[in-house]
Amino acid sequence: PDGRLTEEMLIDCLSAIAALVRGNYVLKSSLCGLSPQVAEAREVVLVILNKHGKIRRQSLLKALTETAEGAAMDAAIITEHLINQLLEPIATRGQNAMILRVPDDETFATRFPTQAEQHENYWERREEALMHYVSAYEELEELVG
């Protein structure tokens with residue numbers, strides 16, 4: 001009304017290009033200039049990080065390559081090198097797993113509940129769309145667990 005930009009307005013604009021992962025924004029995979037298959041693999045990484053807060057490379061690699069056999073993703077492009085390239089910009093070594101480089105922001109949802117809920121809904125839809133990969137990963141982690 002008075003022509004000033006509010007924090008909510010800025011967050012709404014940011015949400016057009018980035019997705020909220022554990023209270024922090026990460027560039028949407030569709031805007032990273034990746035092939036569709038690599039972008040999908042990155043989305044799997046983000047879904048798992050958002051859901052569990054950590055990810056293990058070997059379980060991810062196995063889940064993506066084994067599940068790719070019956071899916072649209074080409075198992076030949078999913079290599080350890082690719083997994084490292086996808087994780088390097090957003091994750092760092094934690095205890096026995098990779099964790100987000102930026103600590104979780106637990107205050108975001110309290111300060112901006114509407115936007116946090118929109119992103120939560122976004123990740124629920126992404127997890128549903130990528131469930132075959134996410135389930136395979138979670139099953140492997142239970143075996144390792």
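1. Helix H6 gives the largest share of the lining of the largest pocket, namely six residues. Helices here are DSSP runs of H or I with at least four residues, and strands are runs of E with at least two, both numbered from the N terminus. The model is predicted, so that local features need a pLDDT of at least 70 and side-chain atom pairs count only at pLDDT 80 or more, whereas totals for chains, interfaces and linings use all residues. Residues are numbered from 1 along each chain as its sequence is written, and side-chain values use heavy atoms, with hydrogens and water left out.

2. The space in this largest pocket comes to about 360 Å³. Of its 17 lining residues, those closest to the centre are Leu 20, Arg 22, Gly 23, Asn 50 and Glu 120. A pocket is taken on a 1 Å grid over the protein atoms alone, as an open set of points where a 1.4 Å probe fits, with protein on both sides within 12 Å along at least five of seven lines, and a lining residue has an atom within 4 Å of a point. The points are joined across faces, edges and corners, and the volume is the space filled by probe spheres set on them.

3. At least two lining residues come from each of helix H2 (36–52), helix H5 (108–111) and helix H6 (113–129). Sorted by class, the lining holds eight charged, six nonpolar and three polar residues; Asp, Glu, Lys and Arg count as charged, Ala, Val, Leu, Ile, Met, Phe, Trp, Tyr, Cys and Pro as nonpolar, and the others, Gly among them, as polar.

4. Helix H2, which also contributes to that lining, has 17 residues and reaches 24 Å from its first C-alpha to its last, close to the 24 Å expected at 1.5 Å a residue, where the expectation is 1.5 Å times one less than the number of residues. Buried residues of H2 include Val 38, Ala 39, Ala 41, Val 44, Val 45, Leu 46, Val 47, Ile 48 and Leu 49, and also the charged-class residues Arg 42 and Glu 43. Buried means under 20% relative accessible area, exposed means over 50%, and partly exposed lies in between (1.4 Å probe, protein chains only). Just after H2, Gly 53 takes a positive phi of about 80 degrees.

5. Seven salt bridges are counted in the model, a salt bridge being a side-chain nitrogen of Lys or Arg within 4 Å of a carboxyl oxygen of Asp or Glu. One of them pairs Arg 126 with Glu 43, with 2.8 Å between the closest N and O atoms. Because Arg 126 lies in helix H6 and Glu 43 in helix H2, this pair ties together parts that are 83 residues apart in sequence. Glu 43 is buried at a relative accessible area of 6%, whereas Arg 126 is partly exposed at 22%.

6. Another salt bridge joins the side chains of Glu 138 and Lys 51, at 2.7 Å from N to O. This pair links distant parts of the chain, since Glu 138 is in helix H7 (residues 131–144) and Lys 51 in helix H2, 87 residues apart. Lys 51 is partly exposed, with a relative accessibility of 39%, and Lys 51, Glu 127 and Glu 138 are linked in a network of salt bridges.

7. The side chains of Arg 56 and Glu 141 also meet in a salt bridge, at 3.1 Å from N to O. Arg 56 sits in the loop between H2 and helix H3 (57–68) and Glu 141 in helix H7, so that distant parts of the chain, 85 residues apart, are linked. Of this pair, Glu 141 counts as buried at 14% relative accessibility, while Arg 56 is partly exposed at 24%.

8. The structure holds zero disulfides, a disulfide being a pair of cysteine sulfur atoms within 2.5 Å. Cys 13 is in no disulfide, and the nearest cysteine sulfur, that of Cys 32, is 19 Å away. Cys 13 counts as exposed at 54% relative accessibility, whereas Cys 32 is partly exposed at 28%.

9. Leu 82, in helix H4 (residues 80–87), is buried at 10% relative accessible area, and its C-alpha atom is separated by 26 Å from that of Gly 23. Arg 101, in the loop between strand E4 (98–100) and H5, is partly exposed at 43%.
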